[in-house]
Structures are given as C-alpha cells and as structure tokens.
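Biologist: I am new to this structure. Please take one part, the aromatic rings and the contacts around them, and look at it closely.

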Amino acid sequence: MGCAKTVGILCALAGGVGTAAAGVIIEIDTDGADDGVVTYNPAFNFGGDTTTASQSATVSAFGTTGGDSIFGGDGVNQVDTYVFAYSPQSQPDNLVIPAGTDLGDGNVGTGVVGGGFGTYRVYGLWPATNNVSGGLTSFDVVAPGDSFQIQINQNERGGTWILLGEIDYTGGVITVAQRASSNTFVSMRGYGVLFEAVPAPGTLGLVGPAGLGALRRRR
C-alpha cells in the first residue's frame, strides 16, 4: 500500500469514526423542556427588526434535547428573521455523530470532527407542520469567501434534519439567517441548526444514501 493512500486511510480513521466523531448543534431553546419558556442559546439571535417570537412544540430528531421551537415574530418593517452563528475555531463540537448515523431525509452523518478549515454541511430543523402561512422560508448561509441560499416550503418538509447545503470554511464565522417571506402570524418555524464537517478530498468518508446529489452546492 502506498504512503499517500496509507495516510489518507489513517486520517479517515482518526476523523471519521469512534467517540471523537462530532458536530455542532445550535438549539434555539437550551433548557431541555417543552414548557413554553425559552432559554435562548447564546449562538442564536433575532435579526432585522424582529425581537421576539412565539413558543411551540419540540422536535424529536437526532441530537435534540427537548426544548421549545419557535414560530413567527414581531418584525414590522423587515421580515421575521432568526440568526444562528457558528465559529468552528472557537465553538467546540457538542454532539457526537458516529459515521453512518441516520439524520433523516436520506442523509447520514459523516463522522468527521469539526473545528478546522474545510467543507461543512448545514442542516435546519423545525417541527412537522401544515400551517406556515408566510410563504417560502429562506436560509442564507454566509461565511467569509463563500455563501449559498435556499428557499424551502416548511409545510412540505420538517420534523427531521433537512440538509440546506454545504459551505467552504476558511475562517471567521458561519452565519445562518432564516427569513420568512411575509410577516403572517405563523410566518415560519424554527428549532435549530446542525453543522458537520465533510471528509476532505482523498480521505475515506460516508456521503449517505442520497449520494453526491444530496451534497451538491445550492446557490
């Protein structure tokens, strides 16, 4: 076996399996109770002129701890906006995701440890619903030097982790801004976001049953 191939396999084994496999989950509510009281995550903020939102049911998905979800908001001149911030170099992984873990919606965990430069998958989570009335929900994901946007009908998908796309991280902060299309009472819903590193080119790693198509850039 060649040296380069050996190194690639060792890197994959070190970063792709075992108890070190991890990701970062940012739940809006951190108190672990579906009780109508939200203890806001310091990595979450409202954006635009939104300052608050209503509380709703929790979501049972991989890694969740049972806190409330939120819906709507008090935006007036701007649409309701939820903002999540993740800095891989300063926010340690807080969720063990063994390679092959079923994350739902046809996606599986990569089992790659985060914290460094490279490509990250970005997932969103909200309760299964049929009453979001604000139109399509936009997710703008921005990092220094890279960005993507996706619009989702939350009435058609929800209750499990939804892959929003991938972003190349070279430093700084990755920001996910979730925005409604209009400020109705249930303009949109949100529970949290999940980040997981993707195997570096040339190393072993799982891409999931959805294949490379599920990992395509979404611009």
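Modeller: Start with Trp-126 and Phe-139: both are buried. Buried means under 20% relative accessible area, exposed means over 50%, and partly exposed lies in between, with a 1.4 Å probe and protein chains only. A word on the source: this is a predicted model, residues are numbered from 1 along each chain as its sequence is written, local features need pLDDT of at least 70, and side-chain atom pairs count only at pLDDT 80 or more. Totals for chains, interfaces and linings use all residues, while side-chain values use heavy atoms, with hydrogens and water left out.

Now the rings. Rings of Phe, Tyr and Trp (its six-membered ring) pair if their centres lie within 6.5 Å; planes under 30 degrees apart count as stacked, over 60 as edge-to-face, and the rest as tilted. That rule gives 12 aromatic pairs. One of them joins Phe-46 and Tyr-82 edge-to-face, with 6.0 Å from centre to centre and 70° between the planes. Phe-46 belongs to strand 2 (residues 44–46) and Tyr-82 to strand 5 (residues 81–86), so this pair ties together parts that are 36 residues apart in sequence. Strands (E, at least two residues) are DSSP runs, numbered from the N terminus. Tyr-82 counts as buried because its relative accessibility is 0%.

Back to Trp-126 and Phe-139. Their ring centres are 5.8 Å apart and their planes meet at 25°, so the pair is stacked. Trp-126 lies in the loop between strand 9 (118–125) and strand 10, and Phe-139 lies in strand 10, so the pair links parts 13 residues apart in sequence. There is also an aromatic cluster. Tyr-40, Phe-44, Phe-46, Tyr-82 and Phe-84 make it up.

One ring meets a charge. The charged end of Arg-189 sits over the ring of Phe-71, 5.1 Å from its centre. The rule here asks for NZ of Lys or CZ of Arg within 6 Å of the ring centre and within 35 degrees of the ring normal. Phe-71 is in strand 4, opposite Ser-54. Strand 3 and strand 4 (residues 69–71) pair in the antiparallel sense over 3 bridges. Two strands pair if DSSP finds at least two bridges between them. An open sheet of 3 strands runs in the order 3-4-14, with antiparallel pairing. Strand 3 (54–56) and strand 14 (189–190) are its edge strands, each pairing on one side only.

Next, the charges. A salt bridge needs a side-chain nitrogen of Lys or Arg within 4 Å of a carboxyl oxygen of Asp or Glu. The count is 2. In one, Asp-140 meets Arg-179 at 2.8 Å, N to O. Asp-140 lies in strand 10 (residues 137–143) and Arg-179 in strand 13 (residues 174–179), so the pair ties together parts 39 residues apart in sequence. Asp-140 counts as buried because its relative accessibility is 17%. Arg-179, at 32%, counts as partly exposed.

Arg-157 and Asp-105 form a salt bridge too, at 2.6 Å, N to O. Arg-157 is in the loop between strand 11 and strand 12 (162–169), while Asp-105 is in the loop between strand 7 (102–104) and strand 8 (107–108); they are 52 residues apart. Arg-157 is partly exposed at 31%, and Asp-105 is partly exposed at 39%.

Key: Helix = DSSP H or I, 4+ residues; strand = E, 2+ residues; numbered from the N terminus.
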